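Hi there,

Here is the structure I promised to pass on to you. Have a look at it first, and then read my notes below.

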Amino acid sequence: MRSKKLLFFIMIGLAVAAVFAGMAFYAFSQPQPLPLSVPVVRADMEETVLATGTLNPIKTVEVGAQVSGQLKTLHVQLGERVEKGTLLAEIDPVLQQNSLREARSELANIEADILAKQVRITQYRQAFEREQDMFDQAAGARADLEEAVADYQVAQAELEALQAQQQKALVAVDTAQANLGYTMISAPMTGTVISIAAEEGQTLVSSQSVSTILTLADLERMTVKAEISEADVAKVEPGQEVYFTILGNPEERYEGVLRAIEPSPVDDDSSSTGSAVYYNGLFDVDNRAQRLRVGLTAEVTIILNRARQVLTAPVSVLAEDGSYFETRVDVLVDGRPVPRRVRIGMNNKAQVEIVDGVKEGDRLLVQNAPSESKSETSRLHPPGGQMGPPPGR
């Protein structure tokens, strides 16, 4: 009986041992997974600065009323394109017509006074000449001659005063004539009506400032104002290539050249809150197709440096700080990582240019977490701040 129990336990032990032996054999017989790696490939690289911008017309004019009165007629509609000189609006001209009549009447009155004074001066001159002849012949008194001289000189002075009033009256007539012309408001430029601030029948008062009626803008060229952070503005300068996309069509790129960087920061509360400071970078883009609209948000990329078909790999393959000119990577040889020193060039924090130390097709061990292995297919200029080339490049 005891021998049967012993035999039973021996058989159970052998069975358990066989199971564990089979599991171990299966585990060791399976191929071991290779370390996560990416290939060295040739690609174009860009070192960039990213910014967010706003689209604005290259030129905008607020068309207003230079005279007071009721807006009689508005000849354009919102969104309408007009040529320079096109009649935009009319202000009721009654007040200006009356002012012109009054100014002309005043001028006519002064001119009549001048004519009368000229006749009077002729009489005074003749009287003076007679008194002078009589005095020379000792037939007239000195007092009569002096009185004739005084009358003649006073009349001449009064004529000069009237002539000065005539010039003032002429200016008043010209001003009234101009004000009457201001009741007919014409387009000062070729452009599109982007806003209308007044309606027909509205009374416009132009006492100290011009009352805006509508706004014209040249939409065939747009200016992009890109807000560049203070951390990047030192790297940026006019003449650099730029491109941008808009949220509604992120697949299409619009290109331009940076025209200027405003010397003063964007007007906000950053100085008081301690937040980052931004500067507007300006560049223009063609919009004859009218696909860009005022106020759209632009995702702007400013190209600092560019390399064509260089050896590249994701930044995640760097075993050391990738900002240095020389660093280390691990090259997979027969499935085993082999350390190797390499020289790096451009580094945009997504991809790194490898100048020397590896060749195209080598597989490099990814040093970071597996979640970052997707860097192999990431863009060469992803969102976020960009790092410049290492010293010595």
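Which residues form one aromatic cluster? F244, Y254 and F283 do.

Before the details, two notes on how to read everything here. This is a predicted model, in which local features need pLDDT of at least 70 and side-chain atom pairs count only at pLDDT 80 or more, while totals for chains, interfaces and linings use all residues. Residues are numbered from 1 along each chain as its sequence is written, and side-chain values use heavy atoms, with hydrogens and water left out.

**The aromatic cluster**

The structure holds two aromatic pairs. Rings of Phe, Tyr and Trp (its six-membered ring) pair if their centres lie within 6.5 Å; planes under 30 degrees apart count as stacked, over 60 as edge-to-face and the rest as tilted. F244 and Y254 make a stacked pair, 5.2 Å centre to centre with 20° between the planes. This pair links distant parts of the chain, with F244 in strand β10 and Y254 in strand β11, 10 residues apart. Strands here are DSSP runs (E, at least two residues), numbered from the N terminus.

F244 and F283 make a tilted pair, 6.0 Å centre to centre with 55° between the planes. Because F244 lies in strand β10 and F283 in strand β12, the pair ties together parts that are 39 residues apart in sequence.

F244 counts as buried because its relative accessibility is 0%. F283 is buried too, at 0%, and Y254 is buried at 11%.

**The nonpolar cores**

F244 also turns up in the largest nonpolar core, which has 22 residues. A nonpolar core is a set of buried Ala, Val, Leu, Ile, Met, Phe, Trp, Tyr and Cys residues joined through side-chain atoms within 4.5 Å. V224, F244, L292 and V300 touch the most other members of this core. At least two residues each come from β2 (41–65), β9, β10, β11 (249–265), β12 (278–286) and β13 (297–314). The largest share, six residues, is supplied by β9. Apart from this core lies another, of 19 residues, including V67, V82, L88 and L214. In soluble globular proteins, nonpolar side chains tend to be buried together.

What does F244 touch, leaving aside neighbours within four places in sequence? Its contacts (heavy atoms within 4.5 Å) include L55, V224, Y254, F283, L292 and V300. R253 is also in contact with F244, and the charged end of R253 sits over the ring of Y243, 3.6 Å from the ring's centre. For that label, NZ of Lys or CZ of Arg must be within 6 Å of the ring centre and within 35 degrees of the ring normal.

**How the strands pair**

Two strands pair if DSSP finds at least two bridges between them. β2 pairs with β13 in the antiparallel sense over 13 bridges, and E47 has N305 in β13 as its bridge partner. β2 also pairs with β9, again antiparallel and over 13 bridges; here V63 has L214 in β9 as its partner.

Three bridges join β5 (residues 87–91) to β6, and A89 has I185 in β6 as its bridge partner.

**A few single residues**

Q240 is found in the loop between β9 (211–229) and β10 (241–246). Q240 counts as buried because its relative accessible area is 11%. Q240 and V257 are 17 residues apart in sequence and 5.7 Å apart in space, C-alpha to C-alpha.

Most residues other than glycine have a negative phi. Q309, in strand β13, is not a glycine and has a positive phi of about 50°. Q309 is partly exposed, at 45% relative accessible area. K349 has a positive phi as well, near 75°, and lies in the loop between β15 (336–347) and β16 (351–356).

Enjoy exploring!

Best wishes

Notes. Helices (H or I, at least four residues) and strands (E, at least two) are DSSP runs, numbered from the N terminus. Buried means under 20% relative accessible area, exposed over 50%, partly exposed in between (1.4 Å probe, protein chains only).
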